[in-house]
Amino acid sequence: MKKIVAPHHIIAYGLLLVTLAVNVSMPLFRVYAAQANLNNGQTALVLAAYISGMLPCYIFLGGISDKLGRKPVLFISLCFAFLATLVITLNPTVWALIIARMCQGIALALSMGTGTAYLTEVLKDKIADAPTKAANLASLSTAIGFSGGALSTTLYLFYEFTLVPPSYYLLLIITAIGILLVLFLPNPTPIGGDIIRLPYFPKGSFPVNMSIALCWATTGVVIAIVPTQLAKFGMTAFAGFCLVLINWTGAFTQPFIRKMNPIKSVTIGYFLIPTGFLFVILGCHFEQIIIILFGTFIVGLAAYGFSYVGGLALIANYGGQQRARAVSGYMLFGYLGFGIPAIFLGYLSDSLGIVNALIFFEVVLIVLTAWLLKGFKGLGSDK
């Protein structure tokens, strides 16, 4: 098996499978919630179940693969991804979705750092710049996965509506294959260390951390709330395309953005987020899916492109010897942003209406962006 499939391809495949599982049910997210008569706020809470599974692992188990080894942790991650898809396949309801989302969060939290470190270790004897190659391969695999699951389900829903699309069954099959393939991977000796590694917030990191929080907050709002507005004009199935654009437009521009000054990159991201979200609001108001998709395209350029790549580079630099913990802090801000504002906006939209709630969020984005840019520009002039 080792001679047929290279270890780094199996690891990248594992990361792909985990991220495919995260969003494979996203196009039906609102449908499951509507069947249970959940309002927008309650639906956003279901979305946050993903965060509740992920954050404890991400914060308190950051060193688990150093302690136990890369292979067993990747194996466990894939098992949780398989379980998540199995649960929603057997019981396509919002209550099963809560369990599935928690399992998806655990799978993602355990696999991301593990997978990148694992790739570095298996590549270090083969290529000169193993860390960069590993990061790029992990980024590409996860970018395809985050959008690929939603895209596969969306495409089938255009053909025939069903609560359990074939994409669920296909994912179960290929994930089972991935679990078996992991068994054939080499098992490097664990490097040791503490399992618990709390995040670290170096001096100057706040505006950078907030940039990814705002980006992913916008993404969370698009995923949790905008599908309800799409349903009002009969375009529920397009919710999957919104997520695809957010992930792919940012991810596939990353190779070009990496060549840019990170301060300039994050600054561009600050302007892109409120601009993109404004188009999302206009599309929702005028019931024009093309405008909504254009808005999500712009949001994606920041959320997984300019802000994300530039922010990671800056945080890694600010963190120094505590680089890994500083990146954990950066991701913590991002995922808190992804979950909490969506819940608040969900309940607000139940009271004020979806478009009015989105306008409120746009105002908050503009105010926070203007405030943060002042500090960020001053920080940039000192560097």
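Entry 1: I sorted the lining of the second largest pocket by class and found 14 nonpolar residues, one polar residue and no charged residues. In this sorting Ala, Val, Leu, Ile, Met, Phe, Trp, Tyr, Cys and Pro count as nonpolar, Asp, Glu, Lys and Arg as charged, and the others, Gly among them, as polar. I note here that this is a predicted model, in which local features need pLDDT of at least 70 and side-chain atom pairs count only at pLDDT 80 or more, whereas totals for chains, interfaces and linings use all residues. Residues are numbered from 1 along each chain as its sequence is written, and side-chain values use heavy atoms, with hydrogens and water left out.

The lining comprises 15 residues, and Met210, Leu214, Ala217, Gly337 and Pro341 are those nearest the centre of the pocket. I used the grid definition, in which a pocket is an open set of points on a 1 Å grid over the protein atoms alone, where a 1.4 Å probe fits, with protein on both sides within 12 Å along at least five of seven lines, and lining residues have an atom within 4 Å of a point. The space in this pocket comes to about 230 Å³, where grid points are joined across faces, edges and corners and the volume is the space filled by probe spheres set on the points.

Which helix gives the most to the lining of this pocket? I found that α15 does, with six residues, while α9 (206-224), α15 (323-352) and α16 (354-382) each supply at least two. Helices here are DSSP runs (H or I, at least four residues), numbered from the N terminus.

**Entry 2: the core.** I next looked up the largest nonpolar core, which has 126 residues, and noted that Tyr50, Trp216, Leu230, Phe277, Ile292, Tyr335 and Leu358 have the most contacts inside it. Helix α14 (residues 289-319) provides the largest share of this core, 15 residues. Such a core is a set of buried Ala, Val, Leu, Ile, Met, Phe, Trp, Tyr and Cys residues joined through side-chain atoms within 4.5 Å.

For Trp216 I listed the partners beyond four places in sequence, and they are Ala303, Tyr304, Tyr308, Met331, Gly334, Tyr335, Gly337 and Phe338; contact means heavy atoms within 4.5 Å.

Entry 3: The side chain of Asn40 makes a polar contact at 3.1 Å with the side chain of Ser349. A polar contact is a pair of N or O atoms within 3.5 Å; within protein, one must be able to donate a hydrogen and the other to accept it, and residues adjacent in sequence count only if both atoms are side-chain atoms. Beyond four places in sequence, Asn40 also has Arg30, Thr228, Gly346, Asp350 and Ile354 among its contacts.

Glu362, in helix α16, is likewise buried, with a relative accessible area of 7%, and I found it touching Pro274, Phe277, Leu278 and Ile281, leaving out residues up to four places away. Gly310, in helix α14, is buried at 3% relative accessibility, and its contacts beyond four places in sequence are Pro262, Ser265, Val266 and Gly305.

**Entry 4: loops and backbone angles.** Thr162 sits in the loop between α7 (130-159) and α8 (166-182) and is partly exposed at 21% relative accessibility. Its side chain reaches the backbone nitrogen of Val164 at 3.2 Å, and Leu28, Tyr156 and Leu157 are its contacts beyond four places in sequence.

Key
Buried < 20%, exposed > 50% of the residue type's maximum accessible area, 1.4 Å probe, protein only.
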